[in-house]
Amino acid sequence: MSLRRLTPREYLVNLVMVTAAMPVYARREHADRRSLDAFTFKRARAMAIHAATHVLTYRHAYGAAGVDPRAIDGWAAFERLPLMDKATVRDGYPRRSVAGGARLADCILSTSSGSSGVMMTIPHRADRMWPYIVSSQRMLRWATGDHYPFWYRQAYVYTSEYPLLRVPGFYPLAFIPTASEPDRVLAALEKARPHILHTYPTVLRDLVALAPDRMAALRLRGASVGSELSTQAERDTWADVLGIRVCDEYSTEELGRIASQCPQGRYHLHEDVVHTEILDEDGRPTREVGEVVGTELHNRTMPFVRYRQGDLARIIDEACPCGRHTRLMVDLVGRRNDGFVLRDGRRLPAGFLLDVSYRAILGSSADMVSAYRFVQRDPDTAVFEVVPGRAWNEASAAGIAAILASELPAALAVSVAEVTEIARGAGGKRSTVVRAF
């Protein structure tokens, strides 16, 4: 995220829009499917027309494909628009990927973390940040059981500080950098006394492993994790320690808030923020696990229309006990390039490997491991790196290795190695599943 804060005028515009939009977006959560679909289609079609008119990359792509977004009369026609990939958008920045006439000086610049190996800068009009603020408030409200009054203090352990001004007592924020050691992060949380915590799964994992009693003593009202994969079993364990809900969210720098867990624990798509498709390897819609393709509905400075996110997931359309009617994401198994690849071509998704890793740790001792990383060195071997916890002993490595061997293909030789630390990347994230070839 860029270091520039909002100017007083930009802040005032956003404050007015957030105040006006928040109740509208809250009501839309419970809108019927027909109304929600009509709203999403209208926004997606308008964004495609805007991109074709003002952004060279889209104008050329649509012209070459012989399609005109103005002729779109339904989702079937929308799905004939060409797909856009990260390399094309990134390589066209800023001249071909930013809308003509847009001034980068009027924008907040965010940068994708490069988890796919490709860094990209995304500009947002600074006086139009309100949709992202509203969707973030929604995510945190769900994490607290649909109760997020304006006086609740939020602490976020993150890479960089949100570029926002502050109104005393109005959704107060406390920023704690991920560069801090876990003991310093915990000390900062104890000082801030937040009601809500938002951070990476690996940060919460470190904090709970370091001092579960002190974390429980914070008496949080809710916690939200995201930007890295975590398992439901892990989040349930953290929730038991903290005595609260720990909800997951799925978002990207390009598309914004895509899905997050409601108070019932199910992933609802934020369909009034991003229109999400799931496509198979041939680019056709599928009900199975496929690639996430999104159309962001608000960023007219740098549009993302039918943008290939590179993540793998599955979506269903069924009722949720919480009463919301948006579609549900039931599988999020990681990036297309994540996970392990065996010599015979078999793939082990990152989500599956996280489940196996967690069961291996849980099957030994709750305090045995304070941090871990699963690294595949080549098609035949992988190393399970662990930072020993308080209960680590001579038999711990053998116990973990035995559980991993029982659940993973015999073609993959797995060893367990003790390490002193597992460093975070430049973006503040710490990959738990790594393929190093």
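Gln154 touches Leu140, Tyr148, Tyr162, Pro172, Leu173, Ala174, Pro194, Ile196 and His198, with residues up to four places away in sequence left out of the list; contact here means heavy atoms within 4.5 Å. This residue sits in strand β3, where helices (H or I, at least four residues) and strands (E, at least two) are DSSP runs numbered from the N terminus. With a relative accessibility of 5%, Gln154 counts as buried. The term buried stands for under 20% relative accessible area, exposed for over 50%, and partly exposed for what lies in between (1.4 Å probe, protein chains only).

A word on the basis of this tour: the model is predicted, so local features need pLDDT of at least 70 and side-chain atom pairs count only at pLDDT 80 or more, while totals for chains, interfaces and linings use all residues. Residues are numbered from 1 along each chain as its sequence is written, and side-chain values use heavy atoms, with hydrogens and water left out.

## Salt bridges

Side chains of opposite charge can pair when their charged atoms come close. A salt bridge is taken as a side-chain nitrogen of Lys or Arg within 4 Å of a carboxyl oxygen of Asp or Glu, and by this rule there are 32 salt bridges. Here are some of them:

| Pair | N to O distance |
|---|---|
| Asp272 and Arg28 | 3.4 Å |
| Arg125 and Asp127 | 2.8 Å |
| Glu271 and Arg327 | 3.1 Å |

The salt bridge between Asp272 and Arg28 links distant parts of the chain: Asp272 is in the loop between β9 (267–269) and β10 (274–279), Arg28 is in helix α1 (residues 8–28), and the two are 244 residues apart. Both Asp272 and Arg28 are buried. They also belong to a network of salt bridges that links Arg28, Glu29, Arg138, Arg141, Asp146, Asp272 and Arg324.

Glu271 pairs with Arg327. Glu271 lies in the loop between β9 and β10 and Arg327 in the loop between β12 (307–316) and β13 (328–335), so this pair ties together parts that are 56 residues apart in sequence. Glu271 and Arg327 are both buried.

In the pair of Arg125 and Asp127, the partners fall into separate classes: Arg125 is partly exposed at 28% relative accessibility, whereas Asp127 is buried at 9%.

## Surface patches

Patches are built from residues with over 30% relative accessible area and no salt bridge, joining like charges within 9 Å and nonpolar side chains (Val, Leu, Ile, Met, Phe, Trp, Tyr) within 5 Å. Accessible areas come from the Shrake-Rupley method with a 1.4 Å probe, and for residues only the protein chains shown count as cover.

Phe150, Trp151, Val167 and Phe170 make a nonpolar surface patch of about 370 Å². Val167 belongs to the loop between β3 (154–158) and β4 (173–177) and is partly exposed, at a relative accessible area of 33%.

A patch of positive charge gathers Arg153, Arg193, Arg219 and Arg221 on the surface. Arg193 lies in the loop between α7 (182–192) and β5 (196–199), and its 35% relative accessibility makes it partly exposed.

## Backbone details and loop contacts

The peptide bond from Tyr93 to Pro94 is cis, with omega near -5 degrees. Pro94 is in the loop between α5 (86–91) and β1 (107–111).

Although not a glycine, Tyr171 has a positive phi of about 45 degrees; this residue is in the loop between β3 and β4. Arg306, not a glycine either, has a positive phi of about 50 degrees. Arg306 is found in the loop between β11 (290–296) and β12 and is buried, with a relative accessible area of 2%.

Glu79 lies in the loop between α4 (75–78) and α5 and is partly exposed at 33% relative accessibility.

Finally, Thr231 is in the loop between β6 (222–226) and α10 (232–242). Thr231 is buried at a relative accessible area of 4% and, not counting residues up to four places away in sequence, touches Leu354, Asp355 and Tyr358.

Note on methods. Lys and Arg count as positive and Asp and Glu as negative; His and the chain ends are not counted. The place of a charge is taken as NZ of Lys, CZ of Arg, CG of Asp or CD of Glu.
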